[in-house]
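I opened this model to see how its parts sit together. My notes follow in the order I looked things up.

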Amino acid sequence: MGSSAEPRLRPTPRSEGLHERLHRRLQTIRQRTEALIATLEPEDLCLQGMPDASPPKWHLGHTTWFFEAFLLEPHLPGWRVEERRWGYLFNSYYDAVGERHPRPHRGLLTRPPIAAVLAWRRRVDAGLAALLDDLPHRPPAEGDALTSLLELGLQHEQQHQELLLMDLLDGFSRNPLEPAADPGPQGAEAEWTRLIGDEPAARGWQSHPGGLVAIGHEQGDPDFHFDNEAPRHRVWLEPFELANALVTNAQYAAFIADGGYRRPELWMSEGWAVVQARRWQAPRYWRGEAEFTLAGLRPRPPGAPVRHLSWFEADAYARWAGARLPSEAEWEQAATSSEGLPMAFGLLWQWTASPYRPYPGFAPAPGAVGEYNGKFMTSQFVLRGSSFLTPADHCRSTYRNFFPPASRWMAAGLRLARG
Ligand SMILES: [Fe+2]
């Protein structure tokens, strides 16, 4: 983001469409975040099920802090930070910005109340609109940089929309009453049900010749990308095959019935230790023949893709099935091929065999936003695609999601590879 080598989107009268589009996106994305809490009770807004997760109210505050700290305070003349101490509460991990409240304690923040957080959101929204209107009057280079930062803030907020839903599912799953966060027809689980109902039962494998391929964000492509998607670079691939479909609940149940969680030879040593320590016997939200979802306890269709798997489980299943996980280069090559990759987007993130490391020549953005991705490039694996919790316009073939191998509260599934 913001590299001087990047193409520039100039907020000049010639690109008035861009200006209007940013205004509209700002309004739409900010409103959608607030729509996600519309079905919740006030008590739910402080729910933090585990240290990795955050309460809904915190997500609303943090995304607002991001805009205030990186755009308004440094770049909008006359902007005044009214609640300086909120920066301590809502900074996530930006060391360059300052000290912060410990993540495991976010659920303790009953104050500020949601009304104050929502009022702050309104004030920041107005500030962002004013900044946007002022961009044509700034020097082009400054206008370009601020446009990029604003887009980063919007993409960041979309990431937190998915995190908010993941974290809600985790928190609600710990309540013995098995409550529904959003059982309505507009809810994420209703969308999942529609998606798997529409999905054709594509089976079989697609073959790829391999060879010297290029992956990553193309320099000069004006579409948004996170810094971790660049630079585009070459990778050598041996011939490979990818499954047309994601692994289903029924297929995963066969793995369990065959002793999948009791056979150490199927697991990485670290994963086997996790299985034993946490007494894993099934995917995170399986409950007998049902599954816990954002709409509460629901039947588990045998033909639907299995979801909420860790990398360790995906890797063990692949070994049991006589296959393997795809590399991220294989996945991207298939997704961008003329044939295309079925079920690539909008259902489940797909674990890859690739550790999350910088691409050759990677350079984090200068300044505090350089902490966005780069410092997490260790001890995690890459997931590709997008999920039913991901905003629809927040996916692309070069997107690199990442989580530690034992995490399974994200909407992750798996696609097999071989060869
Ligand atoms: Fe964040």
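**Entry 1: domains.** I began with the spacing: the C-alpha centres of domain 1 and domain 2 lie 27 Å apart. The bounds are 18-173 for domain 1 and 188-418 for domain 2; they come from an automatic or database domain assignment. I note that this is a predicted model, where local features need pLDDT of at least 70, side-chain atom pairs count only at pLDDT 80 or more, and totals for chains, interfaces and linings use all residues. Residues are numbered from 1 along each chain as its sequence is written.

**Entry 2: where the domains touch.** I looked up the contacts (C-beta atoms, placed from the backbone, within 7 Å). On the domain 1 side 19 residues take part, and on the domain 2 side 15. Which helix gives the largest share of the domain 1 side? Helix H5 (residues 140-173) does, with twelve residues. Helices here are DSSP runs of H or I, at least four residues, and strands are E runs of at least two, numbered from the N terminus. I sorted that side of domain 1 by residue type: eleven nonpolar, four polar and four charged. Nonpolar means Ala, Val, Leu, Ile, Met, Phe, Trp, Tyr, Cys and Pro; charged means Asp, Glu, Lys and Arg; the others, Gly among them, are polar.

**Entry 3: whole chain.** I found ten helices and twelve strands. The radius of gyration is 22 Å, which agrees with the value near 22 Å for a compact globule of 419 residues. That radius is taken over C-alpha atoms, and the globule rule is 2.2 Å times the number of residues to the power 0.38. Of the contacts between residues at least 6 apart in sequence, 79% join residues at least 24 apart.

**Entry 4: helix H9.** I checked burial in H9 (residues 311-320) and found eight of its ten residues buried. Buried means 20 or more other C-beta atoms within 10 Å of the residue's own, with C-beta atoms placed from the backbone. Among the buried ones are Trp311, Phe312 and Tyr317. They pack against helices H7 (249-257) and H8 (269-278), and against strands S8 (349-355) and S9 (381-384). Gly322 follows H9, with a positive phi near 75°.

**Entry 5: the sheet.** I traced an open sheet of four strands, ordered S10-S9-S8-S11, with mixed pairing. S10 (401-403) and S11 (412-413) are at the edges with a single partner strand each, so one side of each has no neighbour in the sheet. Pairing needs at least two DSSP bridges. S8 and S11 run parallel, joined by two bridges. Trp349 stands opposite Ala412 in S11.

Conventions
A residue is buried if 20 or more other C-beta atoms lie within 10 Å of its own, exposed if 12 or fewer, and partly exposed in between; C-beta atoms are placed from the backbone. Two residues are in contact if their C-beta atoms, placed from the backbone, lie within 7 Å.
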